Amino acid sequence: MKKLDRNQMAARVARDIPDGAYVNLGIGLPTLVADHLPKDREIVLHSENGVLGIGPRPAKGMEDEDLINAGKEPVTLLKGGSFFHHADSFGMIRGRHLDYCVLGAFQVSVAGDIANWHTGAPDAIPAVGGAMDLAVGAKNVLVMMEHLTKEGKSKIVERCSYPLTGARCVNRIYTDLAVIDVKADGLHVVDLAEGLSLAELERLTGVPLKGLEFAA
Amino acid sequence: MIDKFIASAAAALADVADGATVMIGGFGNAGMPAELIDALIAQGAKNLTVVNNNAGNADAGLAALIGAKRVRKIICSFPRQTDSWHFDKAYRAGELELELVPQGTLAERIRAAGAGIGAFYTPTAFGTRLAEGKETRCIGERDYVLEYPIHADYALIKADRADRWGNLTYRMTARNFGPIMAAAAKCTVVQVRETVQLGELDPESVVTPGIFVQRVVRIAPLRKAA
């Protein structure tokens, strides 16, 4: 079986984002998606700290500390970009104006619950940021994560054991092993890593999966 | 005559009392009013409740205010960062209370305070630990959580340009919480890069109208070495 690496996962997510979409990419792994968006599509990237139309990373020495993304990394602004304050920025999110958000996660349940902000450990300092707003607000919530934990446990679960970020909100899960849609009647496999069978994926995941419906 | 210009950051913050609620603008370093925070540390007010998106980075600004043990409580969305050691230490030692608020709820609670809204229902955090104990309501097909405004005694923010009426423009993503915090506080203190004559700011480009601003201090930017 050939697992997808991080860049292949990012490219797979990018393939599904259509021309004209307004998109928020979460901190960490999802940020990689920006590097793989097809050049022939106009896709407007949003960041929570008040910017639409994020462009590529600035050249070394050209960073401006007033122009950053939600991960506090320096960015550039495309022609047509705009700035706005935090309440407007989250109005865009909560008000269902964003077409897609891509979030990292600790766990996703078969019902589409997502846990990505807190391990629940008693000594952990919690931090939530904009994740709960994105989870309830974006029209399509895409999750991008490794399929298994370092210990080999599935991150796709019957019920999340970590505290929830949002309930019943995930539409599609992208992992290094598969692409899976969350539907009312359960999880549907859309794509499988090369050399991986549905039965083997189901065994690794530990929850029922419905058969392949290959996307074009 | 209206003249909101104040000669120094120290003079602009001289009356901050112990126990005050202070909003501090900025997201990371963008829009962080570093010189105003330094002046607040020097001023000495303690038992402060601070409202900010984060809980300080490295050793400067809000982190230094926490390190100086001036903060009793912090209301924020994202305290834990790789360089939030002053917060981490104070929090683990039980010296500091944390109210963790989802970022959009934080922004809307601040906005609501400035707009005279008594409370609002938001879908964010419904069904999660951060909504535990809060009033909820199903409106239409969706579930919502009741949230209340956050008012403040002071807002410390950073803008780009100001005139003596307190009209403000901002620079790129340094805008972030500035406009909503300015409206939510009884006394808004702004540090700006440049002050200009009345009439020099294009009224179409004023982001925060002067009605929301009480005091303006010009802080000349550090010149970069050539």
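How many helices and strands make up the secondary structure of chain B? There are six helices and 11 strands in chain B. Keep in mind that what you see is a predicted model. Its overall scores are ipTM 0.95 and pTM 0.96. For chain B the mean pLDDT is 96, and 98% of the residues reach 70 or more.

**Chain B as a whole**

Here are some overall values for chain B.

| Property of chain B | Value |
|---|---|
| Radius of gyration | 18 Å |
| Box filled by the C-alpha atoms, along the principal axes | roughly 50 × 40 × 35 Å |
| Residues that count as buried | 50% of 226 residues |
| Contacts (separation of 6 or more) between residues 24 or more positions apart | 76% |

What does the radius of gyration tell us? A compact globule of 226 residues would have a value near 17 Å, so the 18 Å of chain B agrees with that picture.

In soluble globular proteins, nonpolar side chains tend to be buried together. In this model, the largest nonpolar core has 129 residues, and A:Val143 and B:Ala184 have the most contacts inside it. Strand E8 of chain B (residues 152-162) supplies the largest share of this core, seven residues.

Let us zoom in on B:Ala184. Leaving aside residues up to four places away in sequence, B:Ala184 touches B:Met23, B:Ile110, B:Ala113, B:Gly114, B:Ile150, B:His151, B:Ala152 and B:Ala155.

**Where the chains meet**

The contact between the chains takes 29 residues from chain A and 35 residues from chain B. On the chain A side, H2 and H3 are the elements that give two or more residues, and H2(A) gives the most, with five residues. By class, this side of chain A has 16 nonpolar, seven polar and six charged residues.

**A closer look at helix H2 of chain A**

Why can we call H2(A) largely enclosed by the rest of the structure? Seven of the nine residues of this helix (residues 86-94) are buried, so the rest of the structure largely encloses it. The buried ones are A:His86, A:Ala87, A:Ser89, A:Phe90, A:Met92, A:Ile93 and A:Arg94.

After H2(A) comes A:Arg96, which has a positive phi, near 65 degrees.

How values were computed. Residues are numbered from 1 along each chain as its sequence is written. Chains are lettered from A and ligands numbered from 1 in the order in which they are written. This is a predicted model: local features need pLDDT of at least 70, side-chain atom pairs count only at pLDDT 80 or more; totals for chains, interfaces and linings use all residues. A residue is buried if 20 or more other C-beta atoms lie within 10 Å of its own, exposed if 12 or fewer, and partly exposed in between; C-beta atoms are placed from the backbone. Helices (H or I, at least four residues) and strands (E, at least two) are DSSP runs, numbered from the N terminus. Two residues are in contact if their C-beta atoms, placed from the backbone, lie within 7 Å. Ala, Val, Leu, Ile, Met, Phe, Trp, Tyr, Cys and Pro count as nonpolar, Asp, Glu, Lys and Arg as charged, and the others, Gly among them, as polar. pLDDT is the predictor's confidence in each residue, from 0 to 100. The radius of gyration is taken over C-alpha atoms; the globule rule is 2.2 Å times the number of residues to the power 0.38. A nonpolar core is a set of buried Ala, Val, Leu, Ile, Met, Phe, Trp, Tyr and Cys residues joined through C-beta atoms within 7 Å.
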